[in-house]
Every structure is written in C-alpha cells, then in structure tokens.
Amino acid sequence: MLPAVDDGSKSLEMSLNMLRTASEQGITDVVNTVHFQHPKVETEDISYNRILEETKQLQLSIDNESIPIKIHIGAEVFYLPNLVELKENKLTTMGNGKYMLIEFQPHQIPEGSKQELFNLKMAGVTPIIAHPERYKPVQENIDIIHQWLRAGCLIQIDAGSVLGFLGSGAEKSSHEILRGQLCQLMGSDAHDNRKRNFCLSDAIEYSKTIVDESFLDGLIKNGNKVLHGEEIAIEFDEFTHSTHKSIWEKIGSRLGLG
Ligand SMILES: [Fe+2]
C-alpha cells in the first residue's frame, strides 16, 4: 500500500485509488505487509522506523481524502531459519506480537522449516502461512497443509487465487483448500490498481459456490482477530478432507506404519 516502497503501489495516487476500491468493498482496516528479508528488497531500507514514517504519511493522505480506512503496520516475512530471533523486530509481527505472516519461495519448502515454525509457535507467535496455494509442492500434495495445521500454523489464501488471477494451479489448489475448510484467513494481497487490486468481496462471493457461508463469515472475523491479537481456533478434519491418501494409509501413518 505504501507508495514507492517494495513492489506494490507506484505512487500516492495509485495507493489512494486502491484504498478507495477497498473501501467500496467494505474494508475498514488494511495491514500493509511489506516484504521482509526477501531477496527482492535486499537493497531497500525495510526498517520499522521507515515503514512507520511512510505509514503515517499515507494515513494523513487517506484521512484528507476522507477514505474510511486505517492502515496497520506489518510484514510478509520470507522464510529463513531465523524466525524466532526475528520476533524481536516489531515490524515482523501483527496483533501485539501474536502473529507472523510467513511466505516460502514457490518451488521449495525447506527441510526443517516445520520445526522452525513450531519453535516460533512455542515462543508465543502463531505463524500464518501466506498463500500456500501458490507453492508448487502444496499444489502437488495438499497434505503439507495438514502438517502445518498440526504444527499450530494458520493458513491464509489469496483472494486473487480463488478468482483465478494467479494461475490455474493456485486457483485449483485454493478451491481444494476452501472445500476442505483448511484455511483460517483470506488475504487481499493487493499490489496495484490494475490486475492485482483488492478483490476480497468478489473472492468471498465466488467462494460461496465452494463452501458454506458460515465458514466464510469465520474467515472475515478471523482477520479482525489477527489485528487485535486474539486467539483463532484451528479446526480441521484431516480424515474427511485429504485427497491424497486413503483412510487406511492415514490410520497406518498415525500408528507410525508409513
Ligand atoms: Fe507473498
């Protein structure tokens, strides 16, 4: 959302345009999640102080334009095995230090990452996995989602994936996640005022053809819980929803047989 920061909005005008679109969709709060320790921001100053300053400036312009939206500070942390140390940096968490949004590179989920995520959870910060439906390994094996949920992570899919804006693999996988009720959050992941604008209300509307409306109401409420650092219950039924293993295989693996 911040003009000319990271790979998002290019100008103040674009940011204000995007936020008007968001407001028309009933969005009242936006967490700006700047890329953190991602190779694409290697040469940029992504410090808490800079982001705080840029956020204040943008909020002033939003208020001047009478757009009823509040911007919150946050980050999308690129996975490296240093998550537990990172939690001390105020920029990396949301909801009073309770949640951290974490993304992986699209083609590989590193060995040992599950343990690092679990360690972060044990250190009091719940990991939120950003757009897993866009990762090749998840598209090939949805059981990775079950493993994350079992480790206490939350799953956030992108609104654009549901609508098919981010490729057919992400579209198919996001629908599978919704059908299985395997996510707790849906993110706007808005980057500009063109192809990657806010599309949350359309995505929720479309999702009604896939999953119960009460489940989707829960997703929206959970967004608010993240903002306020409230607990989100993880409920999923791995026996009914996984498509890659038969129930007997699962019972076998639960008993440590496979
Ligand atoms: Fe991302």
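I began with the largest nonpolar core: of its 54 residues, Met100, Leu101, Ile102, Ile128, Ile155, Cys183 and Met186 touch the most other members. I took a nonpolar core as a set of buried Ala, Val, Leu, Ile, Met, Phe, Trp, Tyr and Cys residues joined through C-beta atoms within 7 Å. Buried means that 20 or more other C-beta atoms lie within 10 Å of a residue's own, with C-beta atoms placed from the backbone; exposed means 12 or fewer, and partly exposed is in between.

The model is predicted: local features need pLDDT of at least 70, side-chain atom pairs count only at pLDDT 80 or more, and totals for chains, interfaces and linings use all residues. Residues are numbered from 1 along each chain as its sequence is written.

**Whole chain**

I noted 12 helices and 6 strands in the protein chain. Helices (H or I, at least four residues) and strands (E, at least two) are DSSP runs, numbered from the N terminus. Buried residues are 36% of the 258. The C-alpha trace spans about 60 × 40 × 30 Å along its principal axes.

**Ile102 and β4**

I next looked up Ile102. Setting aside neighbours within four places in sequence, I found Ile102 in contact with Val77, Tyr79, Leu83, Pro127, Ile128, Ile129 and Ala130. Contact means C-beta atoms, placed from the backbone, within 7 Å. The bridge partner of Ile102 in β4 is Ile129. Strand β3 (residues 99-103) pairs with β4 in the parallel sense over 4 bridges; pairing needs at least two DSSP bridges between two strands.

How many residues of β4 (residues 126-130) are buried? I found 5 of the 5, so β4 is largely enclosed by the rest of the structure. Both faces are covered, with Thr126, Ile128 and Ala130 on one side and Pro127 and Ile129 on the other.

**α8**

I checked the length of α8: 12 residues, reaching 16 Å from first C-alpha to last, close to the 16 Å expected at 1.5 Å a residue. The expected span is 1.5 Å times one less than the number of residues. Buried in α8 are Ala170, Ser173, Ser174, His175, Ile177 and Leu178. Their cover includes α5 (136-140), α6 (143-150), β5 (154-158), α7 and α9. Just after α8, Gln181 takes a positive phi of about 50 degrees.

**α9**

In α9 (residues 200-207), I found Leu200, Ala203 and Ser207 buried. They cover an arc of only 65 degrees around the axis, which puts them on the same side of α9. The arc is that of the directions from the helix axis to the C-beta atoms. Among the elements covering them are α7 (159-162), α8 (168-179), β6 (185-187) and α10 (213-228).

Technical notes: Two residues are in contact if their C-beta atoms, placed from the backbone, lie within 7 Å.
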